[in-house]
Amino acid sequence: MYFASDNTSPVPPQVMAALARANEGYASSYGADPIMDEVRAQIRELFEAPEAAVYLVATGTTANALSLAAFCPPWGAVYCQPEAHINVDECGAPEFFTNGAKLVCVDGPDGKISPEALAAAIGRATPTGVHNVQPGMLSLTNLTEAGTAYSVAEIAALAGVAREAGLPVHLDGARFANALVATNATPAEMTWRAGVDVLSFGGTKNGLMGVEAVVLFDPSRAWEFELRRKRGGHLFSKHRYLSAQMQAYLEDGLWMRLARQANAAGQRLAEGLRTVQGASFTHEPPANLMFASMPRAAHARARAEGAAYFLNGPEDGPAEEAVEARFVTSWSTTDEEVDRFLALARG
Ligand SMILES: *Cc1c(COP(=O)(O)O)cnc(C)c1O
């Protein structure tokens, strides 16, 4: 009953097999391996973007920070939602790699930025000209940190506001596959067709050992991105082991099957939580990540039997008081785990 994060899950056997296959003989280093050629072709086809530049890195923080650095000047403002991973979970890497761009938080309902709030923030950005950081970039996250999903139309509306101000758009897709499953959108619809310039295409949360792709739909920054990746110490020499993971992930739609499994487990959990006395959702959950409150006693019963997840309130207190928690399911979550947790929570 491990609902702490989708990055606690194991790596699917197809990916381990691909690593074993890649572990034969010699291969060119630093991204010149033949498997990377396949990955580049797979991603270009998947995104219907034959010109896209594609790079692999080992963490989402790197993917995000280098993406922002390639598009935002040091004196720029990066508009993001207050709970965005770049704002609260990356130890200042975006600021560091952009040489000091300022993250400016813009909020809205359901863990999403509202277009009106974004337009207002851009509108009031530079009252005293040279004394202010200048509007630099928009960064969205899908799935959002709240577990909600931006629709394609919502992304297009926000990207439209950014574009009107001449700003490029980044999408943090650590859970991109889960967002696609939740919205039924295609990769192209959710990205460049909606106005996204650069995507952090997640792999790790959805089953890889440690690979994320950066997809630059605007390839004019490709060389700069390569230099920044190397300078930042994130160009892998034995790159074939990154390529092999991503190649297996994309082959025959494995990545979407994994996300469908994760979301199905999430929806089973959500349906069950609706029947737990005193339980409620902070936001309606369409995918595999959710915030739900339930009585402290229900948490205590489940946690005493080993259920693992983050509580957003104190463990001790009145038994009937509602305490919010975050639950995340992954491709490897079983129905049995979910059902056992729900039975314990129901008491
Ligand atoms: C997990 C996550 C990342 C990547 O985090 P790393 O620990 O650096 O791999 C990025 N963005 C979001 C929204 C995430 O949930």
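**View 1. Residue classes in the shell around the ligand.** In this predicted model, the shell around the ligand has 1 nonpolar, 6 polar and 4 charged residues. Ala, Val, Leu, Ile, Met, Phe, Trp, Tyr, Cys and Pro count as nonpolar, Asp, Glu, Lys and Arg as charged, and the others, Gly among them, as polar. The shell consists of Thr59, Gly60, Thr61, Asn64, His85, Thr141, Glu145, Asp172, Ala174, Arg175 and Lys205 (a heavy atom within 4 Å of the ligand). Helix H3 (residues 60–71) gives the largest share, 3 residues; helices are DSSP runs of H or I, at least four residues, and strands are runs of E, at least two, numbered from the N terminus.

View 2. Polar contacts are pairs of N or O atoms within 3.5 Å. A polar side-chain atom of Asp172 is 2.6 Å from a ligand nitrogen. Ligand oxygen atoms lie 3.2 Å from a side-chain N or O atom of Arg175 and 3.5 Å from one of His85. The protein buries 81% of the 380 Å² that the ligand exposes when taken alone (Shrake-Rupley method, 1.4 Å probe).

**View 3. Charged and polar residues in the pocket lining.** The lining of the largest pocket divides into 8 nonpolar, 18 polar and 11 charged residues. H3 supplies the largest share of this lining, 4 residues.

**Notes.** Residues are numbered from 1 along each chain as its sequence is written. Local features need pLDDT of at least 70, side-chain atom pairs count only at pLDDT 80 or more, totals for chains, interfaces and linings use all residues, and side-chain values use heavy atoms, with hydrogens and water left out.

Methods. Polar contact = N/O pair within 3.5 Å; in protein donor to acceptor, adjacent residues only side chain to side chain.
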